[in-house]
Amino acid sequence: MTEAEIIEALLAFIDRDEASEAAFERMALAVFAYQFAHNQPYRRFAIQRGRTTLTVRNWRDIPAVPITAFKDLTLSCCPPEAAERIFMTSGTTQGGVKGRSYHPTLSVYDRSMLVNFRQRFMQGLARIEMGILFPDEQAMPNSSLAHYLSLAKRDCGAPGSAGFIGADGLDLPRLTAALERAEAAGQPYALLGASYSFVHLLDALAAQGRRFVLPEGSRILDTGGFKGQSREMGADAFYDALSAVLGVPRSRCINMYGMTELSTQFYDDGNAACPPVKSGPHWIRSRVVDPVTGRDLPEGTTGVLVHHDLAHFNCVSAILTEDAGVMVEGGFRLFGRVDGADSRGCSLAVEEFLKAARG
Amino acid sequence: MTEFAGHLPGLSAAEVEWRVLDFAAWGESVQVSVPLLTEPQGCALAARIRENARAYLKTLPVAEIVSTIDKAVARLLDRNDPWRRKAEAVLPVVTGYDPETVRLGLSGYLRTFRAPQLQRFLAEDFVNPGILDAFQPAVKGGFTRAYGPELLLHVWAGNVPGLPLWSLISGLLVKAGSVGKVASAEPLLAGWFARILAEIDPRLAECLAIVWWKGGDAESEQVWLKQADTIVAFGGNDALAAIRERAPVTARFLPHGHKIGFGMVSAAALDTRKAAPLARLAAHDVMRYEQQGCYAPQMLFIERGGKVSPREFAEHVSRELAGFARTHPRRALSVAEAAGVAAWRNAEEMRAFDGGSRTVLGDAGDPWSVVQVEAAEALAPSGLNRTLKIVAVDSLDAVMPLVAPFRNFLQSAAIAAAPAELFRIAGLLGEAGVTRISAFGRMTAPEAGWHNDGRFNLLDLVTITEIEQSAEFAAEGFAPYAD
């Protein structure tokens, strides 16, 4: 398939209402064949694992690339310089080396994001006034999250929607004014942003002793965890605080789980209880594997998540994450990054060493 | 099977709240009850240990303490003793190490605590160990005597069985009342040792307590930190920094942070006759305790120019690891440990695509991984649990710039080289911060009297009281026989 053909096929696939196992498989094998043909490092990786277009018969056989490979290798079917956009990870680990995802066009990413976002976050609303707690795309042109949030605002934000994080950080006076307006008008309001930005907001509001009761139908979307950018909060404490300070019930606090190395996001249906079940649309599927052997683990057993995201067609679609999870009815539960710190004895593990070596 | 961890003189089991930790391996499971003391219980216990040590332990000649420890260690070395049998049965389930590793490891380790080895231990730090019993003449004049702390707190980490005995025995030798906090990963052996001591000398056993709190539980930790005169702590740098911050400024703090070990093989050791046995010893060091100990090798530097190339040596090591996988199976890995192994191996595989200078040996599903690298590469941790990087170098001197930047993490290095080269390289390694050089095959079994992390095990614990010559001479003037 050519690039134009695969893009066309994927856009059509995303526009379907759903996909059977067989339909997903056909598309997945086509995408794998495309990546095997055009992405040389991935081709070498697959061959080394004994997987080629001849031996891969099932989408589960498609070799999943460890997420760190996005830092070490140029994983792209198009020449990197031909990419319309390159999204980069924040580079907080591995000595500042950033994982890169190359997008020859954002049409597939944007379609994937919007179809899914409308269904899982908008839930029937055409538009809602949004407050964005993240820098905009001009400030962070390589951030997939900045692009995601700008799409949300552009295509699903009602008039008055605005970003509240600028060069000087959180613009609290403007944000509280927006929240007051929403409260007074009785219009539902949506706050979206990085999880750590919400912690800064909670701390700032607590310092002022401010609380809001946002109107019925208001909602919150947080993503990305705290990443050392704010104090760490347990999930229950975090959603309790959001609910108490902003008046949005925990069932309307939705967490998005996404990554730079994917073009599709996962959502839960609110955080009334944690950890909630997360799931994605019909063009992404997940497995839980034993990280050493790469083999599927039975439902109910904790392992490491592998995602097969057909929309991430230009890099690789199958990635082995560093996130622990368990498959359950309707999706998976996410337990966060796997961390062997407690089981290491007095020997030294890689991350601590790198951290110390960097000083 | 249920086991009770800890040793709490003066407290009955019924007075204490217990938490149950579950362990399973090798088709068996063990429940271990660990004590959760309240703050008043902790304070009372600390006071009791301090008082008991003052009243009894500090009055014992060090030779008698050595003799009692020797008897206790003999019990644990006797394969027919009930305590030894219990250790062999239970520790593999708790730690996950295969029964053979535990059996051999225990014997090898405990042997370093018999009377002759303890005497060596004492002699390493004290020219005259009698200084622990009475004032001894000082070279400069006057007299000196060494006193251990009244209350010594040990915060143990890690899951190499028995490691706590090292500092516990050091504490006894300097006559310190000891409180040891066991790690959740191996909470038993220290308490058993205390109970064996109790069978030999009950009053001695009342001078030490074995307790538990959940790692990182600052509140429980605080109770003990504020009681101790001296704190010996093992763990990662973050955990140690947290303890240092909470410890009273008047307490002596002796931290043992995480360390990384490595090995070096000279071309002289790489002929066809010597290479295979050497590879077996190196693989043994990797296999033993799944690299969980700070002394385990995570990287080997192999000199080019021998009859056996670095690549061939890596293949030898791989074969030996494959053999050990059968005789000493790797313990079951947690998800986090498995992810650590996979992340390391995956990253190496990815880098292997850059060119032909890196080879990943073994299959992803094998319970071991070896990566061989042709280009010089700086020291870095492996994925642990039998993962090893083998780096080719043009000369052993080329290793120094690769390890020197990590001075704060260096400790053990194994060297296979001829005597002149051994001493020359040892000098360079010492300058770089390495504190222990051993043979291959002995990395995980430091000898008796080892200066852990380059420090004095006993000397660091004591304070010296001096009777200056002036006092001695002045006293003469007040003697009844004075003219």
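Tutor: Accessible areas come from the Shrake-Rupley method with a 1.4 Å probe; for residues, only the protein chains shown count as cover. With that idea, chain A exposes about 14,800 Å², and carbon and sulfur atoms supply 51% of this area. The structure is a predicted model, in which local features need pLDDT of at least 70 and side-chain atom pairs count only at pLDDT 80 or more, while totals for chains, interfaces and linings use all residues. Residues are numbered from 1 along each chain as its sequence is written, chains are lettered from A and ligands numbered from 1 in the order in which they are written, and side-chain values use heavy atoms, with hydrogens and water left out.

Student: How does the radius of gyration of chain B stand against the globule rule?

Tutor: That radius is taken over C-alpha atoms, and the rule is 2.2 Å times the number of residues to the power 0.38. Chain B has a radius of 24 Å, close to the 23 Å from the rule for its 483 residues, so it is as compact as a globular protein of that length.

Student: What are the spans along the principal axes?

Tutor: The C-alpha trace of chain B spans about 85 × 60 × 45 Å. The C-alpha atoms of chain A fill a box of roughly 65 × 55 × 40 Å.

Student: What percentage of the residues of chain A count as buried?

Tutor: Buried means under 20% relative accessible area, exposed over 50%, and partly exposed in between (1.4 Å probe, protein chains only). In chain A, 55% of the 359 residues count as buried, and in chain B the figure is 58% of 483.

Student: Among contacts in chain A between residues at least 6 apart in sequence, what percentage join residues at least 24 apart?

Tutor: A contact means heavy atoms within 4.5 Å. On that basis, 65% of such contacts in chain A join residues at least 24 apart.

Student: Let's zoom in. Where does Phe353(B) lie, and is this residue buried or exposed?

Tutor: Look in the loop between α13 and β13 (358-361) of chain B. With a relative accessibility of 14%, Phe353(B) counts as buried. Leaving aside neighbours within four places in sequence, Phe353(B) is in contact with Pro41(A), Arg44(A), Phe45(A), Gln48(A) and Leu73(A).

Student: What is the volume of the second largest pocket?

Tutor: On a 1 Å grid over the protein atoms alone, a pocket is an open set of points where a 1.4 Å probe fits, with protein on both sides within 12 Å along at least five of seven lines; lining residues have an atom within 4 Å of a point. Points are joined across faces, edges and corners, and a volume is the space filled by probe spheres set on them. The second largest pocket has a volume of about 620 Å³. Its lining has 30 residues, and those closest to the centre are Arg49(A), Arg51(A), Thr293(A), Gly294(A) and Ala364(B).

Student: Which elements give two or more residues to that lining?

Tutor: They are α3 (40-48) and β13 (284-289) of chain A, together with α13 (335-352) of chain B. The largest share, five residues, comes from α13(B).

Student: Where is Thr293(A)?

Tutor: Thr293(A) sits in the loop between β13 and β14 (303-309) of chain A. At 26% relative accessibility, this threonine counts as partly exposed.

Student: Which residues does a cis peptide bond join in chain A?

Tutor: Cys274(A) and Pro275(A), with omega about -5°. Pro275(A) belongs to the loop between β11 (266-268) and β12 (277-279) of chain A.

Student: What is the phi of Gln123(A), and what is that of Trp26(B)?

Tutor: Gln123(A) has a positive phi of about 50° although it is not a glycine. This glutamine is in the loop between α5 (107-122) and β4 (129-133) of chain A, and is partly exposed at 43%. Trp26(B), also not a glycine, has a positive phi of about 55°. Trp26(B) is in the loop between β2 (17-25) and β3 (28-36) of chain B, and at 37% relative accessibility counts as partly exposed.

Key: Helix = DSSP H or I, 4+ residues; strand = E, 2+ residues; numbered from the N terminus.
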